[in-house]
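Reader: I am new to this structure and would like to learn how to read a few of its features. Could we take them one at a time?

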Amino acid sequence: MTIRRAHPIDPAALKELRIADDAGRRMRPVTDEEGGAPLRCCLRRSAPGERIALVSYAPLRRWAAGTGVDPGAYDEQGPVFIHAEECGGPDGDALPFANAHRTVRRYSADGRILGGRLVESGAFEEAFTAAFADPEVALLHVRAVEYGCFLYEVRRPR
């Protein structure tokens with residue numbers, strides 16, 4: 001079994017999002033009194049008392065800009081939680097947010113969606129292996145089922 005690496009939001013993108021998000025709004029930090037928000041900067045849940053922000057993020061747009069392609073109509077943006085200040089990023093290689101049903105979306109190297117799959121808790125590696133068996137798949141987005149929010153990306157193994 002090959003464990004795929006979950007990629008958080010890139011540190012350079014996080015720096016930009018902490019100034020203005022992908023919808024052009026200024027970040028509004030809050031103290032998370034209850035904890036439990038899925039943080040896309042470090043791929044863990046927030047702890048009570050941490051300073052976090054809910055920002056609009058366009059993951060495919062940012063990936064496409066770095067690869068020189070145009071995602072066209074698949075350029076979505078949506079809400080993600082991040083730490084309000086710089087954090088240390090992920091701690092370890094464990095697959096984050098894998099304790100619930102998720103959607104895995106497949107994208108081609110030219111930024112077009114190739115389909116998606118509902119994945120049950122514990123079946124992520126199987127879903128990733130099946131997706132990357134298609135040579136057209138360059139990138140996966142793992143998303144929450146309830147709200148469709150982006151959680152993290154998984155890239156084709158090199």
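Reader: Is Asp22 buried or exposed in this model?

Author: The model is a predicted one, and the term rests on a cut-off, since a residue counts as buried when its relative accessible area is under 20%. Asp22 has a relative accessible area of 16%, so it is buried. In the chain, Asp22 belongs to the loop that runs between helix H1 (11-17) and strand S1 (30-32).

Reader: Which residues is Asp22 in contact with, once its neighbours within four places in sequence are left aside?

Author: They are Leu17, Ser56, Tyr57, Ala58, Arg61, Arg62 and Gln77. With Arg62 there is also a polar contact, in which the two side chains are joined at 2.7 Å.

Reader: Where are Leu43 and Phe97 found?

Author: Leu43 sits in the loop between strand S2 (38-39) and strand S3 (44-45), while Phe97 sits in the loop between strand S5 (78-83) and strand S6 (102-108).

Reader: Why does Phe97 count as buried?

Author: Phe97 counts as buried because its relative accessibility is 7%, and the cut-off is under 20%. Leu43 is buried as well, with a relative accessible area of 11%.

Technical notes: Residues numbered from 1 in each chain as written. Predicted model: local features only at pLDDT ≥ 70, side-chain atom pairs only at ≥ 80, totals over all residues. Heavy atoms only, no water. Helix = DSSP H or I, 4+ residues; strand = E, 2+ residues; numbered from the N terminus. Buried < 20%, exposed > 50% of the residue type's maximum accessible area, 1.4 Å probe, protein only. Polar contact = N/O pair within 3.5 Å; in protein donor to acceptor, adjacent residues only side chain to side chain. Contact = heavy atoms within 4.5 Å.
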